[in-house]
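Let's take a walk through a protein and the molecule it holds. Have a look at the picture first, and then we'll go through it piece by piece.

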Amino acid sequence: MKTLNLNENTTIPILGLGTWKLTGTECVEMVSKALEIGYRHIDTADAYGNHREISRAIKESRVPREELFITSKLWRTNMHARDVIEAGKRTLDELGIEYLDLFLIHWPNRSVPIAETLEAMNTLKEEGLVKALGVSNFTINHLKDAFETEVEITNNQIEFHPSLNQRELKDFCDSNGITVTGYSPFARGEDLDIPQLQEITESHETTVPQVILSWLMQKNIIAIPKASSEKHLQDNFASLKWELSPEELATIDAINHEPNRTVSPLWADFEY
Ligand code: NAP
C-alpha cells in the first residue's frame, strides 16, 4: 500500500480504518476483519472509548506490531503537560502496545498554551512512546501558532470530502511539509448521492465510496473511512486497485457544493 512520509522514523499508510462509533463486540469484529482483509492502519481516539477493543483485535490477529500503524488522539480536556503524559501512557496501556505511530491533538483548545501541550507530547516522542506528532481540526491560524514552538507537526487530520473540499488548508499543509488525513470521507454518508460521482462509477464499474477514496488518495490525502460491515470494508479496500483519470479528478474537484461540514461540535474553533 502507498505510504506518505511523516518523519525520519515513520511513514503512514494512505488508507486506514476509522473507528469512531465502533464500540464493544462490533469494534473487535470490524478491526479483526479489517486486519484480515489487509488494512494495517487503524484510527482511534481517547474519546472513542474503544482502545481496549482495538487491543483485543490486534492481539488476536497476530499481525506483527511493526506492520501496523496506530493513531490515537489526545482529548481537549487533557492539554496541560501532566495530563498529556498521563493520557499518552494510559492510551498505550489500553491499546496494549509499546508505542503509538501517530499521536494527535484531537481539537485545538486555545485556553491552554499550545507550546505546553506540544512540548509534553514531544517528551513522549523522545521517550520512544510515540513515533510522530500531529494535530486535528486545526485551521491555518492554529497551525501558525503551533509553528511558534520547535515541535515537529507531521499531520493535520481534517474533515475532507467532495462537499467539503478544504483546498486552501491542504495547500497550506503541503507547503509546510504537513500530511493531511481526510476524515469523514463520505460526509458520513451524505456525499454518496452526488450525481457527478455516480456518473464516474459507470466507466470503472465501481462504487461511489471507491470513487471518493481514490480521489482523496490520488491527491495524497490519507483516507480513514469507517465501516461496520465486511461488505463495506471490502468495498473501501478495493479502492486501492484502480485509479481515476486526470479529467475525473478535475470533475470531482470542480463539484461546487455549498461547504457541507458534518462534524462541528460546540468546542470547534473553525472561525479562527
Ligand atoms: P465516514 O467514514 O465518512 O462515513 C461512515 C458512513 O459511511 C457509515 O454510515 C458507513 O456505514 C458508511 N459506509 C462506509 N463504507 C461504505 C461503503 N463502502 N458503501 C456504503 N456506505 C459505506 O464517517 P466518519 O466515521 O465520521 O469518518 C471516518 C473516520 O474519521 C472516523 O471513524 C474517525 O476515525 C475519523 N474522524 C475523526 C474526527 C476528528 O475530529 N479527528 C472526526 C470525525 C471522524 P456502515 O457503518 O454501515 O458501514
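Which of the 28 residues around the ligand come nearest to it? Keep in mind that this is a predicted model. The answer is Asp43, Ser184, Lys226, Ser228 and His232. As a group, the shell around the ligand splits into 12 nonpolar, 11 polar and five charged residues. If you're wondering where they come from, helix 9 (residues 230-237) gives the largest share, with three residues.

Now zoom in on some atoms. In the side chain of Asp43, an N or O atom sits 2.7 Å from an oxygen atom of the ligand. Asp235 has a polar side-chain atom 2.9 Å from a nitrogen atom of the ligand. On its own, the ligand has 900 Å² of accessible area, and the protein covers 87% of that.

So much for the ligand; what about the space around it? The ligand takes up the largest pocket, which holds about 680 Å³ of space. This pocket is lined by 33 residues, and Trp20, Ser184, Pro185, Arg188 and Lys226 are the closest to its centre. Sorted by class, the lining has 17 nonpolar, 12 polar and four charged residues.

There's a second largest pocket too, with a volume of about 240 Å³. Of its 15 lining residues, Thr139, Gln166, Glu168, Leu169 and Arg261 are closest to the centre. Helix 6 gives the most to this lining, three residues, while strand 8 (155-159) supplies at least two. Seven of the lining residues are nonpolar, four polar and four charged.

Terms used: Residues are numbered from 1 along each chain as its sequence is written. This is a predicted model: local features need pLDDT of at least 70, side-chain atom pairs count only at pLDDT 80 or more; totals for chains, interfaces and linings use all residues. Side-chain values use heavy atoms; hydrogens and water are left out. A residue is near a molecule or strand if one of its heavy atoms lies within 4 Å of it. A polar contact is a pair of N or O atoms within 3.5 Å; within protein, one must be able to donate a hydrogen and the other to accept it, and residues adjacent in sequence count only if both atoms are side-chain atoms. Accessible areas come from the Shrake-Rupley method with a 1.4 Å probe; for residues, only the protein chains shown count as cover. On a 1 Å grid over the protein atoms alone, a cavity is a set of points where a 1.4 Å probe fits but cannot get out, and a pocket is an open set with protein on both sides within 12 Å along at least five of seven lines; lining residues have an atom within 4 Å of a point. A molecule sits in a cavity or pocket if more than half of its atoms lie within 2 Å of its grid points. Helices (H or I, at least four residues) and strands (E, at least two) are DSSP runs, numbered from the N terminus. Ala, Val, Leu, Ile, Met, Phe, Trp, Tyr, Cys and Pro count as nonpolar, Asp, Glu, Lys and Arg as charged, and the others, Gly among them, as polar. Grid points are joined across faces, edges and corners, and a volume is the space filled by probe spheres set on the points.
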